[in-house]
Amino acid sequence: MIRYIRRAAALCLVLLAALLVNAARVMVFEAEELDDNPANRRIAIDRYAEPRGEIVVDGKPVTGSRDSGQQLRWERTYRQGPLYAPVTGYASQTYGTTLVEHAEDSVLGGTDPMLAPLPLWNDLTRGRQPGGDVLTTVRAPMQEAAYRGLDGKRGAVVAIEPSSGRILALVSSPSYDPGVLSGTGRKVKDSWKRLNSSPNQPMLNRALRSTYPPGSTFKIVTAAAALDAGVVRDVDAPTDTPDPFVLPGTRQVLPNEAKGCGDASLAYAIQWSCNTVMAGLGVEVGLAGMVDAVERFGFNDTGLRVPSWVAKSNFDRAMSPDQLAQSSIGQFDTTATPLQMAMVASAVANHGEIARPYLVDRTTTSGGTTVDRTGRRTYRQAMTPSTAVQLQRLMVKAVEEGTGTNAAIPGARVGGKTGTAQHGFGNTGTPYAWFIAWAQAEGTAQPAVAVAVVVEDAEASRTDISGGGSAAPIARRVMEEALRLEAEARG
Amino acid sequence: MTTPRTDAPPPGVRIPKRRGVELSLLVCAVLISVSGYAAVGLARSGAVPPDAARYGAGLGLLALVAHLAVRFRAPYADPLLLPIAVLLNGLGLVLIYRLDLETPNDQAAATQLVWSTLGVALFIVVVLLLRDHRTLQGYAYVSVAAALALMILPIFFPAVNGAKIWIRIGGLSFQPGEFAKILLAVFFAAYLAANRNALAYTGRRIWKFQFPTGRVLGPIVAIWLLSVGVLVLERDLGTSLLFFGLFVIMLYVATGRTGWIAVGLVLASAGAFLVGSLEPHVHSRVEDWLDPFASIRAGEGPGQLAQSLFAFAAGGMLGTGLGLGHSVLIGFAVKSDFILATAGEELGLVGLTALFLLYALLVARGYRAGLSLRDPFGRLLAIGLASIVALQVFVIAGGVMGLIPLTGMAMPFLAQGGSSVVTNWVIVALLIRVSDSARAPQPDSADTGTLAPVREDTPFREGAS
C-alpha cells in the first residue's frame with residue numbers, strides 16, 4: 001500500500017505544481033494585459049484613490065480636490081475654472097482628461113515612475129506616489145486682463161514671451177467651469193450634454209484648436225517672405241503695384257480698404273494695410289518661396305505640442321496665382337490658430353527666431369522636488385535678423401500712426417498689425433477681428449511680450465479698423481500687464 | 001473495534017512528543033493573524049482596529065484550548081496540524097473582516113468567528129471522545145446512511161443561488177453535504193480496507209484489466225453513484241467532483257490498480273462532457289472558463305471569473321497589501337467562493353504561494369500519518385481526509401484562477417461558510433487522532449498479546465466491532 005500512497009502523494013504534488021504555475025501565469029506573466037483591460041475598474045479606482053497633484057499658476061494652485069466618498073473617490077475642483085479652463089482642461093471620472101490635465105496626467109495622477117524615489121523598485125511593487133504638481137508658465141494678471149478684455153465675446157488671446165517661448169496667457173472665450181465635469185452620475189452627464197450642445201462651444205479651446213483666416217495680420221508673414229527673398233530691398237521704395245489689383249489669370253479685382261495704396265511702399269502697405277501691395281508681393285515671391293517662408297513660421301506643422309496638441313495652421317502647397325495672391329493677404333484657404341499668429345509676432349520681436357512655445361515650466365513631486373523642466377528650445381528661424389529689425393520698425397509705425405493706434409502704450413515701444421478676416425460664403429459672415437503685437441519697455445534689450453488677439457463677433461464695421469477697434473485694446477491691456485510684471489521683476 | 005493499548009512508550013525508548021513545538025507554532029499562527037488584522041485597520045483607517053486585542057485573545061484562547069485537548073488526549077499527534085489549521089482559520093477571519101469593510105450590508109466575520117468556535121469545540125470533542133480511530137471502522141454503514149441522509153435533506157429546502165445544498169433554519173444556514181464528505185471518507189476507508197484483497201486479486205480478467213466481482217465492487221459503486229446523482233440533482237458539482245476524486249484516489253491506494261484510475265478518468269470525462277453540454281448552469285461556467293472575457297467583448301462588462309482574474313493580476317508579485325485591493329469588485333461570493341482572489345490581490349503571488357504551501361503541508365502531514373500507520377483502515381482514512389483537503393484546494397483555486405471550470409466550493413478554513421469551517425475542523429481532529437496513533441510508540445505485541453502485528457497486505461477482518 002505504501003507504494004500507492006506515495007504515488008497518490010505525487011499526484012497531489014502535481015496538482016500543487018499546476019496551481020503554482022497557473023498562479024504565476026495569471027499574476028505575473030499575464031498581469032499587465034489584465035491590468036490594462038478596459039473593463040478592469042481598478043485602473044480608474046486607483047487613479048482617483050488619491051487627490052491629484054495641482055496645476056499651479058504664478059505660484060498658486062488653480063485646482064483642488066474634493067473627497068466624494070464614491071468608488072472613484074477624489075474629484076477635481078477648479079478655482080476660477082472658466083479663467084483657466086483653456087490651460088488646465090478638465091479631469092473627469094466620466095470623460096477623461098484634456099489639455100494639461102491630459103498631457104501631464106502621469107505626473108498629476110502619480111503614476112510617473114520619475115516621481116518615485118526608487119523608480120526601479122517602484123516598478124516591481126507597482127506602487128503609486130502622491131500626485132506631483134505642474135507649474136505653468138502662465139502669469140495670472142495677464143490671463144485675467146485677457147479674459148476681462150474679451151468680456152464673454154467669442155474669441156481667444158495668446159501671449160508669449162518671445163525670447164523664451166513661455167506662454168504667458170492663454171484665453172478662450174466664452175469659457176466653462178471644468179469642475180462641473182468632475183465625478184460621475186447624472187449631474188455630470190447633464191453638464192456634458194449642456195456644454196456640448198451650447199452654440200457658443202464653451203469647451204472649444206479657441207487659442208490652440210480653432211483656426212481662423214488670419215486676414216491682414218498675415219501680411220507680416222508675406223512681408224518677411226518678400227524681404228528674405230530679396231523681392232523687396234528697400235521697404236520705403238515704391239513696389240510697382242497697381243490699385244486696384246487684378247488677380248492674375250482672372251478679371252477679378254482686389255480692392256483696398258485704405259487709400260494711397262497704388263504703387264505704395266512696403267512700409268506704407270504695413271502701416272495702412274494695403275491688400276494690393278501684399279498680394280502683388282506674394283505673387284512675385286512665388287508659390288514655392290511663399291510656402292517655404294510660411295512653413296518657417298510653423299504653418300502646416302501638425303506636430304506642435306505645448307504640451308497639448310495644437311491644431312495645424314494651413315497654407316496650401318498647390319495654388320493658382322490668383323489664389324496665391326489672396327492667400328498672401330491671409331484669405332482663401334489660409335488659416336491660423338491664435339497661437340500661430342502670436343508666434344508670428346514673436347518671431348518679429350525675437351530677431352526672426354521663434355522659441356518653441358510651452359505652457360508647462362516644470363513638474364515637481366508632491367514634496368516640491370523638480371521632476372522635469374521644460375527648457376528653452378529653438379523652434380524655427382522664421383526670417384533673417386535684419387528682416388526682423390525692418391519689420392519691427394514697420395509694425396511700430398502701424399501702431400504709432402497707422403491702423404493700430406489703439407494698442408499704443410506710453411513709454412513703451414509697441415509694434416502691431418491689425419486684421420479683419422472675411423469668411424463665409426461670399427464673405428457674408430461677420431468678420432473676425434485680429435490684432436497681433438509685441439511690446440518692449442524702454443531701456444530693455446528686447447520685447448517682453450508678443451500677443452495675438454482674435455475676436456469672432458466684431459461689432460465694428462467691416463474695415464481693417466475693426467481689428468484695431470475690437471482686438472487692439474485687449475492686446476494693449478495684456479501687454480501693459482506684461483510690461484508691469486517685467487518692471488516688477490527688474491525691481 | 002476497540003483495542004486495549006498502552007499510551008506509555010516502552011521503557012528505554014523516548015519518542016519526542018513535540019507538544020512544545022506545537023505551542024510555539026500556535027503562538028506564531030495567532031500573532032500572524034493578529035498582525036494581519038492590525039494591517040487591515042492600519043491600511044484602511046490609519047489605526048489598529050480597537051478590537052484587535054479581543055480578536056487575538058479569542059483566537060489565542062481557541063488555539064490554547066485545542067492545544068490542551070491535544071496535549072491531554074493525543075500527546076503524540078503531529079505538531080504541525082493544529083497550528084496550520086489555526087493560521088488558515090485566522091487568516092480567513094482577517095480576509096472576511098477586511099471584505100466586511102467594503103460590504104456594510106453583509107457582515108460575516110462575527111458569524112464566521114462563532115462557527116470557528118463551534119468548529120474548535122467539535123475538534124475538542126472528537127479529540128477527547130474518539131480514543132482510537134479504529135472505532136470508526138465499525139460505524140461504516142451508519143456513516144454512509146447518515147451521509148446520504150444529509151445529502152438528500154436539502155432537496156426539501158428551497159434553492160439558494162441555483163443550488164439546493166442548503167438547510168436554512170432560523171437565521172442559520174448549513175450545508176449538510178460538507179459534513180457528508182467525512183462520513184463518506186470513513187465509509188470508503190472501512191469498506192476498502194475490508195475488501196481490498198477481493199478488489200485487488202479476485203474477479204474476471206478482461207484483456208489487461210482484472211475486474212473484481214460485482215458482489216464486492218457493487219455496493220461501493222452504488223453508493224458513489226448515488227451520492228453523485230444526488231449532488232447533480234442539487235447542482236452541487238464541486239462536491240460531486242470532490243467525491244469522484246476521493247473515490248478514485250482511495251480505490252487506487254487500496255488496490256494499487258492503475259486501471260481503476262484510467263477507467264475512472266474515462267467515466268468522469270464522459271460524465272463531465274455530458275453535464276457540461278446539457279446542463280445550462282454548468283454549460284455557462286465551461287463557456288466562461290474557455291473565454292472569461294467574452295462578456296466584456298459583448299459589452300456586458302466583466303463576469304465573475306474575469307473580475308477574479310483582474311484581482312489576481314492586480315496583486316502581482318508582492319500584492320497591494322492587506323486592505324488595499326479591490327477584489328470586492330468580484331461582487332457576490334467574494335467572501336465564499338472567491339476569497340482566494342482577495343488573498344491573491346492583497347498578498348500577491350508570494351502570499352498565495354505561502355497559502356498553497358500551508359495547505360500542501362497539511363495534506364503532506366495527513367499522507368505522512370497514513371504512511372506511518374499500520375492498519376489499512378487508518379491509512380485509508382488518513383489518505384482520504386488529506387485528499388479531501390487537497391482536492392478542495394485544487395478545485396476551488398483552479399476554478400477561480402481559470403485553470404479549470406469554476407465549481408462552487410469553499411476554500412478550507414479560509415472561505416466564509418459555517419458548515420465548511422466546522423467540517424474542516426473535524427477533518428483536522430481526525431488527522432490529529434490518526435497521526436497520534438501513527439507516532440505513538442507501538443505497544444510490544446508480546447507484552448499485550450491481544451493485538452496481532454498488522455503487516456502490510458494482511459487482510460483486515462470485515463465488520464469487526
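Predicted model: local features only at pLDDT ≥ 70, side-chain atom pairs only at ≥ 80, totals over all residues.
The model scores ipTM 0.88 and pTM 0.71. For chain B the mean pLDDT is 83, with 87% of the residues at 70 or more. Residues 445-465 of chain B stay under 50 in pLDDT, and for this segment the model has 30 contacts beyond four places in sequence.

Chain A contains 18 helices and 18 strands. Its C-alpha atoms fill a box of roughly 115 × 50 × 45 Å along the principal axes. Of the 491 residues in chain A, 57% are buried. Chain A exposes about 19800 Å², of which carbon and sulfur atoms supply 51%. When contacts in chain A between residues at least 6 apart in sequence are considered, 69% of them join residues at least 24 apart.

The largest nonpolar core has 152 residues, and the members that touch the most others are Phe123(B), Leu340(B), Phe356(B), Met411(B) and Ile432(B). Helix α14 of chain B, residues 376-400, gives the most to this core, contributing 17 residues. Apart from it lies another core, of 92 residues, which includes Val158(A), Ala226(A), Met341(A) and Ile354(A). Beyond its neighbours within four places in sequence, Ile432(B) contacts Val70(B), Ala74(B), Ala77(B), Asp78(B), Leu81(B), Leu82(B), Phe123(B) and Val127(B). In soluble globular proteins, nonpolar side chains tend to be buried together.

Helix α11 of chain A, residues 219-229, is mostly covered, with nine of its eleven residues buried. The buried residues of α11(A) include Lys219(A) and Thr222(A) as well as Ile220(A), Val221(A) and Leu227(A).

Leu359(A) is placed in the loop between β12 (353-355) and β13 (360-364) of chain A. With a relative accessibility of 1%, Leu359(A) counts as buried. Leaving out residues up to four places away in sequence, Leu359(A) touches Val87(A), Val100(A), Thr136(A), Thr137(A), Val138(A), Ile167(A), Leu170(A), Val306(A) and Pro307(A). Leu359(A) and Val87(A) are 272 residues apart along the chain, yet their C-alpha atoms are separated by 8.0 Å.

Pro307(A), one of the residues touched by Leu359(A), is joined to Val306(A) by a cis peptide bond with omega of about 10 degrees. Pro307(A) lies in the loop between α14 (287-297) and α15 (321-327) of chain A. A cis peptide bond also joins Ser173(A) and Pro174(A), with omega of about -5 degrees. Pro174(A) belongs to the loop between β9 (167-173) and α9 (186-197) of chain A.

Positive phi values also occur in residues other than glycine. Asn300(A) has a phi near 65 degrees and is found in the loop between α14 and α15 of chain A. Asn300(A) counts as buried, at 13% relative accessibility. Asp151(A), with a positive phi of about 50 degrees, lies in the loop between α8 (140-150) and β8 (155-160) of chain A. At 59% relative accessibility, Asp151(A) counts as exposed.

Trp121(A) is part of helix α7 of chain A, residues 119-125.

The count of salt bridges over all chains comes to 36. In chain B, Arg98(B) pairs with Glu102(B), with the closest N and O atoms 3.2 Å apart. Arg98(B) is buried at 1% relative accessible area, whereas Glu102(B) counts as partly exposed at 27%. A salt bridge also links the side chains of Glu346(B) and Arg98(B), at 2.4 Å from N to O. Because Glu346(B) lies in helix α13 (residues 339-372) and Arg98(B) in helix α3 (residues 81-100) of chain B, this pair ties together parts 248 residues apart in sequence. Glu346(B) is buried, with a relative accessible area of 1%. In chain A, salt bridges that share partners join Arg47(A), Arg52(A), Glu54(A), Arg76(A), Glu101(A) and Asp105(A) into one network.

Arg476(A) and Glu480(A) form a salt bridge through their side chains (3.5 Å, N to O). These two residues are separated by about one helical turn, because Arg476(A) and Glu480(A) are four residues apart in helix α18 (residues 465-490) of chain A. Arg476(A) is partly exposed at 24% relative accessibility, and Glu480(A) is partly exposed at 32%.

Technical notes: Residues numbered from 1 in each chain as written. Chains lettered and ligands numbered in written order. Heavy atoms only, no water. pLDDT = per-residue confidence, 0-100. Contact = heavy atoms within 4.5 Å. Core = buried A, V, L, I, M, F, W, Y, C linked by side-chain atoms within 4.5 Å. Buried < 20%, exposed > 50% of the residue type's maximum accessible area, 1.4 Å probe, protein only. Areas by Shrake-Rupley, 256 points an atom, 1.4 Å probe, with all protein chains shown as cover. Salt bridge = Lys/Arg side-chain N within 4 Å of Asp/Glu carboxyl O.
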